[in-house]
Every structure is written in C-alpha cells, then in structure tokens.
Amino acid sequence: MEKFFKDALKVSIASLVISITLYIVIITFFLLSVVTANIFGTVIKIIVPILILVTILGFIYSFFIKGKQKIPFLTLHFVSLYALSFGIYLAVSFQGFAP
C-alpha cells in the first residue's frame, strides 16, 4: 500500500476509474429512480461525499505526475470536479421546485 501512494500516476488512474464508476452508479440509480426514489436519495447521500474525496485526492496527486501525462490527468480531474460542483449547484437551486 505504501508503494501505491508513492506512485502518483497509479493513484491518479485509480481515482479516475473510481470516479467514473461512481458516476455510472449515480446515473444508473437516477434512471431507476422512477421506481425507487427513496433509494436514489440514500445512494446520493452516500456516494457524493466519497466521489468528492476521491476526485480531490486524484486532482492533488495529478500535480505530482511527471511527464506529458500530467496535463490530461489534471484536466480530467478538473472536469470531474466541475461536473460534480455544477450538479450540486443544480440540486440546491432546484430544491424548492420539487413537489
């Protein structure tokens, strides 16, 4: 485990894979939320904090990558943080419109 956290590229790749997997889980539960709205709310409350922490960890480790791979990983993690922030902003903004 100690070797894993010393290699910034491996941590960044793992973080990106976990983030994509969690986004897929959120989208899947959203598409199924017509039947199970309570489960979707519970899943969002659990997954979003994990997604935020994993994405921030990957973004920080992306700064320590050496070589040409630094810019793509920084960009991908930044886009992930941006999408997550925008989704939270929309959720808070439209919270009063739900019946």
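How many nonpolar, polar and charged residues does the lining of the largest pocket have? The answer is best reached by way of the overall fold.

This is a predicted model, in which local features need pLDDT of at least 70 and side-chain atom pairs count only at pLDDT 80 or more, while totals for chains, interfaces and linings use all residues. Residues are numbered from 1 along each chain as its sequence is written, and side-chain values use heavy atoms, with hydrogens and water left out.

The protein chain has 4 helices and 0 strands, helices being DSSP runs of H or I with at least four residues and strands runs of E with at least two, numbered from the N terminus. Its C-alpha atoms fill a box of roughly 50 × 25 × 15 Å along the principal axes. Of its 99 residues, 26% count as buried, that is, under 20% relative accessible area with a 1.4 Å probe and protein chains only.

The largest pocket holds about 600 Å³ of space. On a 1 Å grid over the protein atoms alone, a pocket is an open set of points where a 1.4 Å probe fits, with protein on both sides within 12 Å along at least five of seven lines; lining residues have an atom within 4 Å of a point. There are 17 lining residues, and Phe40, Ile44, Gly87, Ile88 and Ala91 lie nearest the centre. Helices H2 (8-31), H3 (37-62) and H4 each give two or more residues to this lining, and H4 gives the most, with 6. By class, the lining has 14 nonpolar, 3 polar and no charged residues; Gly counts as polar, whereas Ala, Ile and Phe are among those counted as nonpolar.

Terms used: Grid points are joined across faces, edges and corners, and a volume is the space filled by probe spheres set on the points. Buried means under 20% relative accessible area, exposed over 50%, partly exposed in between (1.4 Å probe, protein chains only).
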